[in-house]
Structure formats: C-alpha cells, structure tokens
Amino acid sequence: MISPTRLGVWAAVAGVPVCLAVGVLLPRVWFAGLAWPVAVLILTFVDALIGASPRGAALDVTMPKSAPVGGDADATIAVTIKGGPVPRWCEVALENSPLLAMSDEGRLWLELEGGVGESILPIVAIRRGTARVERLWLRWTGPLGLVWKQAQRPASLRTIILPDVRPVRENGARIFERHALQGLLAQIDRGDGVDFDALVEYRSGMDRRAIDWKQSARHLKLHAKEYRSERNSQIVFAVDCGRQMSEPVAGLPRVDRAVSAMLLSAWIALKLGDRVALHAFDSRPRIASGLISGSAAFPELQGLAANVDYGSDETNYTFALTNLATALKRRSMIVLFTEFTDLTSAEFMVRAAARLVETHLLLVVVFRDDELEALVDTEPRSPDDVTRAVTAAALLRDRQLVLLRLRHLGAHVIESPHGQVAEKLVAAYVDLKRRDLL
C-alpha cells in the first residue's frame, strides 16, 4: 500500500500559490503553473517505484504465552526489509487489545541496519483473560520521503493473562517465616492452639492456667498441659466481582488486587494445614468451589481464581452470602473482599454480615479510597474544589460508619491501601488463628 507522507502533501500544497500567481500575472500561459504539481506528482511516483517494496518486507512479532495481570507482556519485534535501497527507520504498529496497555498505542519506531532491526515494545497486562493480537502493520518512507510504503500482516498472537502470583513467589516464604514458623522447630507451635498435645512437668515461664491440678496431685509434682495449634480450619474467600469491584485502582481492577491478596493468604493457609475454598459472586454466585487442602492443591486454586470474571451487575449480598452460609456445615472463617459507595448496598451487606457472624468468623477486606482522600486533602482553589471536597468528606464519613457497624456486629475489618492489603490480610489471619478465634 502506497500513501503520501506529510512532506509530499505539503510539497503539493506549496505549489498552489505558484499556480495562482502564474494564472493572475500570466493569464495567457496559465498552464505553466501546473508544472509544480506535475513535478511533485512525478517525483511521488518515482519515490514509490524506487527502493524496497512492501512485498519484500518480513515482520516477526513474539509475545509471552502467559503473563500476570499487572505484569509485563513485552512484545519482541524483528523486521527484515530487502530489495533496493533499504530505509534507515521503519514504524511498526500492533492491533491493540482491551486487555493490554501498549506503549504509544502499540506503535514503535525501529532503527534498521542493512534492512534488519529488532526491538521490544513495552506492554502491560491490565485485565485477566486471553489477549489477542491479529493484525500487524509495517511502514517506512521512500528514499525521497514523499510516500509511505505500508504492509499489513495477519497474526495469531495469544497471551493468557493470569492472576498475579508474584507476591506468592517473591514474598510468600518471607511472610510465612515472619508470621507462621510451623515446622521449623517442634516446640514453637506449642501453647498457641487448643488441641491437647502432651502432659509435661511444669517449668518456670509456662502459663499457670495450663496446670493440671489432678495430675499434679497424683504425681506429687506440678504438671501442665501443652497444646498444639489447631489445624484443618476452614477458610472461605468470598470475592465480590460486581460492578464496583471491577473499577480500577491505580491502573488495575479491585477484583484483580483482591484475587492476588487472596492467593497469597490461601498459600499461607494451605501451608499451615487449613482447608481453603473460593466463592465469587456479583448478582448471583459465580464460583463456589469445594474445600481443598495441602500445598499441592494451590495450582487448582490458582486455576479457579483465573475464572473470576469482571461483572457489570450490582452485588446481591443477601443472595450470595446466604447461599454461602447454607453450604458451610461447620464454623468457618469467611474473608469477604468487597467495595461499596452508597448506603443502600452497604445496608444489605451489613444485614447479610449480621447473619454470618452468628455462626462464622467474618473478616471484611476493603481497599482504601485514595481518590476520595486526595480530594479531601487537596487545598481548594475554586468553588468547584470546595464542592468536591465536601462531597468526598461526606462519602468517607458514610464509609467509616458502615465499617464501624460491621465491627460492632463482631466482624473484623481491614481497610488498607492496595499495595499493603495482602500482607495485612496474612497478619490478621495468623493473629486470629493464634487467638483461637477460628
């Protein structure tokens, strides 16, 4: 495909005043003014004919087979142009995908040496799913710079964007050692749980409430009971994937950040011997998995998390949480990832939570609304700034009232910036486990 460049267009436009001047000053030879556009037209044809042809251009683009959401999915681009004088520069464009954020809208200028060049186009995965790139474009200018020589190539590039498990790989072991040292030394987990482990002779420093007075009287020495941490607790992660959770926070949807924090916490829970389940919902339950146990089951949980979709419906807390409570046959710890902006939906959530806390341990996780806090903290410079600040303050006040009501019901609440929610959730889980509240 051949098209004029900006230089070619301006060269043709520059001849318009010349044609007018010749027509006005020399009306008898007005046709002499056409010499300029005719010369530009001839040079354009010459520029299109000489140099490398688009048919002799090869474009090779490779992308990773999979990438974590929020991570890099950079494309490697290789160009080969043969035949005639080859250009020093060319431009490559990739078809954009809604799941990917490409640098400069997928365009890249590539320097060529002898008609060959290679470079990397920065790409960030912003949503889970299968990203498809099915068309590629390559273009360069002719030797005179008057025409674009453009080639279009079909492609079948696929990149599967999965939940972000980088926190598990990079920080999982460190967080596990910090909060839960099970397995490193046998005596570390004694006294932290409720399961009887052994009857030992009382030593200085032991909890006096653990003294067994009957056995002490029988043996004529003080004896105390040692306990080990209770295992096999049920941890259910309930992820709200409704409309509000699908909105982005710092470039990534809230539901993706929730899934990443959930995976890290689930990995710790499986390491500690607890059983884990995933429950995703919006207007109705979408995923309701069974309980899994053991570190070997983590890939199964990761596969389930990849199927948590982005919903556009309003969240129905009553239907989803009632359905979840019915499916649980014993006391469990329910970790609810959600978001609310209006008091109406928050009221339904509080009522559903009130029924859950009667039987189960409820931990509610919400992301701190940095945008509202920024509006409140920004110094107003106009009446509109004052209006926005007052409205944001009212929304934050309503939000804190809802969280306070949840705490009064007996639920535990985590409100954290998006970058710290995973570690705070793990710390809260381990703390609740050590306090024997599960």
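Author: The chain holds 11 helices and 22 strands, where helices (H or I, at least four residues) and strands (E, at least two) are DSSP runs numbered from the N terminus. This is a predicted model, in which local features need pLDDT of at least 70, side-chain atom pairs count only at pLDDT 80 or more, and totals for chains, interfaces and linings use all residues. Residues are numbered from 1 along each chain as its sequence is written, and side-chain values use heavy atoms, without hydrogens and water.

Reader: What radius of gyration does the chain have, beside that of a compact globule of 438 residues?

Author: The radius is taken over C-alpha atoms, and the globule rule is 2.2 Å times the number of residues to the power 0.38. Here the chain has 33 Å, whereas a compact globule would have a value near 22 Å. Along the principal axes, its C-alpha atoms fill a box of roughly 130 × 55 × 40 Å.

Reader: How much of the chain is buried?

Author: Buried means under 20% relative accessible area, exposed over 50%, and partly exposed in between (1.4 Å probe, protein chains only). By this criterion, buried residues form 43% of the 438 residues. In strand S22 (residues 412-416), four of the five residues are buried.

Reader: With which strand does S22 pair, and in the parallel or antiparallel sense?

Author: Two strands pair if DSSP finds at least two bridges between them. S22 pairs with strand S21 (residues 361-367) in the parallel sense, over five bridges. Within this pairing, isoleucine 414 in S22 has valine 365 opposite.
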